[in-house]
Amino acid sequence: MFNFFFIFFYCTVSYAQKEQIESQPEIIFNYDKIKEKQNSFSLQFDFNKAVLMMEKKEYKKAIELFKQTATAIKIPSFLNIAIAYYKLGEIDNAKLYLNNIYNYKKAIYKNTYSYMSACYYLYQISKDTRYLDIIIDIAKKHKNLTEHSKRMLADTLILLKDYPNALKVLNSMKFPLNLKKALLHLKLRNYDEANKFLLLAKEKAVNQELLNKIIWIMTYRDLKANDLEKLRDNIDLLNKRKSNFKVNLELPLKIYFNKDKYSSKEYLDFITNFSMKRKIDYIFYFAPFIFSDRQEIIYDMSKGFIFKSKQNIKSLESMVEYNAKFIEIIKKDPIIRVDSLKKLITNDTKSYVYYNLALSYAQIFDFNNAYKFFRKAYKLNPGNKLYAVMTLISAQRVNKKVSDIEYIKSNIKSANGLYKYFALSLYNLFIDKTYKVKDKTIYYKDSIFYKAIDYMKEKQENKDTSHHDLLEENIRDPFVYLMSLVKREKNENDFEYFSRLQRSVPLYLNDNFLEGPLIVTEYYFDVLRAIGLFDKANLIIENDNNPSYLRTKAVVQLYKGDSNQTLKILDEIQSKYKLEDKYTMYLQVAALLDQNKYNEASVQLSLIKALLDDDDADFLTGVQLLEDLKFSSVKQYFRAKYIDNKIDFKLDGLDEFLESL
């Protein structure tokens, strides 16, 4: 009878482990090798009977039996008594038995797993991390840990948020624990590995409630990985299970402000390997202002006015009224510059006036208006190839479809037109990489724009750009200065590289990086985050009321935890300058989320969607609809990948669920 009972119990436990959702590391100390050490059939039977009662949650009866078996099987019985009291909420009694084990130091060697378990429960009761440290210390001294002890170690490392080492321990175990591994990979942003183990967990799951959780977590993984194809498939699966689906109540999906969305390593990649969006912002930063519809007269940021020939000076003089105003405007804060240039728009506005306004909009990250006015400039002067290519590039920046794109492309590639070299070079960089640029520029080789384009070309061709003319000759430009600092010297190891950056990046004399075109400020912030000095830098300019700096100050206040001040600053500059850019509006969403004003943040997202037809606003709206289980209508909102460095989404309670497995 004993053999039959023992086998029956063992099978039950093995089956349960496949779908285990219990919150503790081996809630019941399984009777394992007692029959090798005990001769009493009665005690063996009583111990197994008590274990079965624990399984049935008959904790009082189990305690009485374990008190009897404790006369011969002391430590395992004490542990199960403590667990039973813990489950009953009788914490003082639980602590009494746990401390009995804890104070018996010989148990570290004779009953290692029981001792580790006692420390684990003492931590759960007291939240005193010294108990977790003891578990780690015991594990280090015992090279041949049992499977139970390894799992205990993994659970301890998870509590300590040491996910890489927890995963290493789990990978050394014989038992698969697929769901736990999947969640650890998810925490470590190893989304492909997370998907692999989630699929394995899904295949093994029999319990429908657990299966719902796995599919919900798979959907969350798809969102985080920007895996839109799998996301749509899993939404269909959720829709089929909707009638009995309540996981969103236990693991709600929420958008939130995440100031630590990316790691230092990721920020380093952002500043050394530009994304397509940052490449476009880079071009808008270095692009020249233009002062003629017919002759090539540009205003280069490093050289001032550059003329195709001396005769063009007369053209400049003939436009003296606009140019006199513009020279004053160009010196102003970028947001004020936009505000001032808007006032120069009249019924007979020249194309270059629209172009200059568009470029100014791009430098404050209002890309929708940049596209609008680049297109107006192009429509008025289709012979200007720079206007044409800037129209396509700005449309790309906001994922906007251009109805006559093929005509514009053919126009750019045609034989005649202004700024042919610039336009064709940008066409090759951003529109068609297979296109070969045969033209050479004669007049503007000394301009910073020419050098910026050449630098980007050489970067894309993986050439050594460490001593490029852009960096060598324009070091006084704040953006160039930062790029020059970030470049890695030959034979410079990681330690030398980071040490140099931490010594060299200005933390105090940094006003040039905090006001001006937004790409400079954003790049500076990314550099600081990459080297871990964002919180160390002085990001305050006393008595500076320029709107570009105030917007920077709003960001700083948000990251310091003062979202009230962020909203106040943004409301003031938005009211005064009528800002409608995505950057400012998303800052407001982030600040509202930081204050847990979820409904107001949703309204702001709806406004962004209405005004800008923004893909990211659609994506975040889709996340909210998923939480509301609007599965049948939500797929249309996931039309493009989501990229934003402030607003993130999470499954509330996922950490606790991981700790419970």
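I take a residue as buried when its relative accessible area is under 20%, as exposed when it is over 50%, and as partly exposed in between, with a 1.4 Å probe and protein chains only. I am working on a predicted model, in which local features need pLDDT of at least 70 and side-chain atom pairs count only at pLDDT 80 or more, while totals for chains, interfaces and linings use all residues. Residues are numbered from 1 along each chain as its sequence is written, and side-chain values use heavy atoms, with hydrogens and water left out.

**Aromatic pairs**

I searched the whole structure for ring pairs and found 45, counting rings of Phe, Tyr and Trp (its six-membered ring) whose centres lie within 6.5 Å, with planes under 30 degrees apart called stacked, over 60 edge-to-face and the rest tilted. I looked up phenylalanine 274 and tyrosine 282, which form an edge-to-face pair because their ring planes stand at 70°, with the centres 6.1 Å apart. Phenylalanine 274 is buried at a relative accessible area of 19%, and tyrosine 282 is buried at 1%.

I then turned to tyrosine 354 and phenylalanine 373, whose ring centres are 5.9 Å apart and whose planes meet at 20°, so I noted the pair as stacked. This pair links distant parts of the chain, since tyrosine 354 sits in helix α22 (residues 351–363) and phenylalanine 373 in helix α23 (residues 367–380), 19 residues apart; helices here are DSSP runs of H or I with at least four residues, numbered from the N terminus. Tyrosine 354 is buried, with a relative accessible area of 10%, and phenylalanine 373 is buried too, at 9%.

I also noted a cluster in which ring pairs link Phe257, Tyr481, Phe513, Tyr524, Phe525, Phe534 and Tyr559.

**Helix α12 with helix α13**

I found that α12 (residues 178–187) and α13 (residues 191–204) pack at about 160°, with their axes 8 Å apart, where axes are lines fitted to C-alpha atoms over the stretch in contact and angles run from 0 to 180 degrees between N-to-C directions. That angle makes α12 roughly antiparallel to α13, the cut-offs being under 35 degrees for roughly parallel, over 145 for roughly antiparallel, 65 to 115 for roughly perpendicular and oblique for the rest.

**Helix α5 with helix α8**

I looked up α5 (residues 74–88) and α8 (residues 112–126), whose axes come within 10 Å and cross at roughly 20°, and these helices are therefore roughly parallel to each other. In α5, Ile75, Pro76, Leu79, Ile83 and Tyr86 meet Ser114, Ser117, Ala118, Tyr121, Gln124 and Ile125 in α8, contact meaning heavy atoms within 4.5 Å.

How values were computed. Helices (H or I, at least four residues) and strands (E, at least two) are DSSP runs, numbered from the N terminus.
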